[in-house]
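Colleague: I would like to learn how to read ring pairs, helix packing and backbone angles in a model. Can we go through them one by one?

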Amino acid sequence: MELPRPKRLNIPGIPQHLVQRGNDRQVCFRDEADYSLYLELLNCASERHLCDVHAYVLMTNHVHILLTPHLPDGASLVFRDLGRDYVRQFNRKYGRTGTLWEGRFKSSLVDTEKYLFACYRYIELTPVRARMVDSPADYPWSCFRVNALGKASDLIVPHDLWRSLGDKDRSRCLSYLSLFDSNLHTDQIKIIQKCLNTGLPTGDSAFMRNLEKLYAVKFGDGKRGRPRIQKE
């Protein structure tokens, strides 16, 4: 028996890791133009609702996005606009009707100091875990080439923690790239997936207690028993 998911917290200034999947895992991007359109609409929606996008990956049937909203409900409004505008154009293009995405997107607040870069790496390594490419640099529909290799982007807004990696963008990219010299630990992957699936914050107990105190919420496990780890 599943318990209700924790109340979705949209707190300005705190990063959120978000995932949205295709309904019944159906394909949501059929050609390069679809990927490009989604990124264009994401850029417009994030600017409109004052959200800084730090990382993303677009997979065939789901997306991961790491962003920081600067207004209450900013992330929800971004996904609302994407759900409306992208699906409308996708349906028109392919002569289809009905929903494309699987219900509401899932989200997790991120403990900046302890898990932000883990979430960056988790997102950008998704195609590698899916065995689609050997290196994140080989996948064209993520922001790895922006954050690690210095490719120009109108969409990506560097987080302050990324900026702290060096005094110039080149040194920041090199420092960020060095984070990929070792694999993301299995325990970190499981924690990130569990928190996304249950709506819990991605952070330690102190991070959760602080949120509970500040925003008068109570976090449980989101589900009875051991949370099921959802595969990519």
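Modeller: Keep in mind that this model is predicted. We start with the rings. The structure holds 16 aromatic pairs.

Colleague: How many degrees separate the ring planes of F29 and Y35, and what kind of pair is that?

Modeller: Planes under 30 degrees apart count as stacked. For F29 and Y35 the planes are at 15° and the centres 4.7 Å apart, so this pair is stacked. Both residues, F29 and Y35, are buried.

Colleague: And what kind of pair do F29 and W101 make?

Modeller: Planes over 60 degrees apart count as edge-to-face. The planes of F29 and W101 are at 65°, with ring centres 6.4 Å apart, so the pair is edge-to-face. Both F29 and W101 are buried.

Colleague: Which parts of the chain does the pair of F29 and W101 tie together?

Modeller: Look at the loops. F29 lies between β1 (16-21) and α1 (32-48), and W101 lies between α2 (74-94) and β4 (106-109), so the pair ties together parts 72 residues apart in sequence.

Colleague: Where do arginines lie over ring faces?

Modeller: Take two cases. R30 lies over the face of Y94, 4.3 Å from the ring centre. R129 lies over the face of Y122, at 3.9 Å from that ring's centre.

Colleague: Now helix packing. At what angle do α3 and α8 pack?

Modeller: Angles of 65 to 115 degrees count as roughly perpendicular. Helix α3 (residues 112-124) and helix α8 (residues 186-198) pack at about 90°, with axes 11 Å apart. The two helices, α3 and α8, are therefore roughly perpendicular to each other.

Colleague: Which residues make the contact between α3 and α8?

Modeller: From α3 come Y115, A118, C119 and Y122. From α8 come Q188, I189, I191, I192 and Q193. By class, the contact of α3 with α8 has seven nonpolar residues, two polar and no charged ones.

Colleague: Last, the backbone. Where is R25, with its positive phi?

Modeller: R25 is in the loop between β1 and α1. Its phi is near 60°, positive in a residue other than glycine. At 39% relative accessibility, R25 counts as partly exposed.

Colleague: What is the phi of A216, and is A216 buried or exposed?

Modeller: Phi of A216 is near 50°, again a positive value in a residue other than glycine. A216 sits in the segment after α9 (205-215). With 72% relative accessibility, A216 counts as exposed.

Technical notes:
Residues numbered from 1 in each chain as written. Predicted model: local features only at pLDDT ≥ 70, side-chain atom pairs only at ≥ 80, totals over all residues. Heavy atoms only, no water. Axes fitted to C-alpha atoms, helices over the stretch in contact; angles between N-to-C directions. Helix = DSSP H or I, 4+ residues; strand = E, 2+ residues; numbered from the N terminus. Parallel < 35°, antiparallel > 145°, perpendicular 65-115°, else oblique. Contact = heavy atoms within 4.5 Å. Nonpolar A, V, L, I, M, F, W, Y, C, P; charged D, E, K, R; others polar. Phe/Tyr/Trp six-rings, centres within 6.5 Å; stacked < 30°, edge-to-face > 60°. Buried < 20%, exposed > 50% of the residue type's maximum accessible area, 1.4 Å probe, protein only. Lys NZ or Arg CZ within 6 Å of the ring centre and 35° of its normal.
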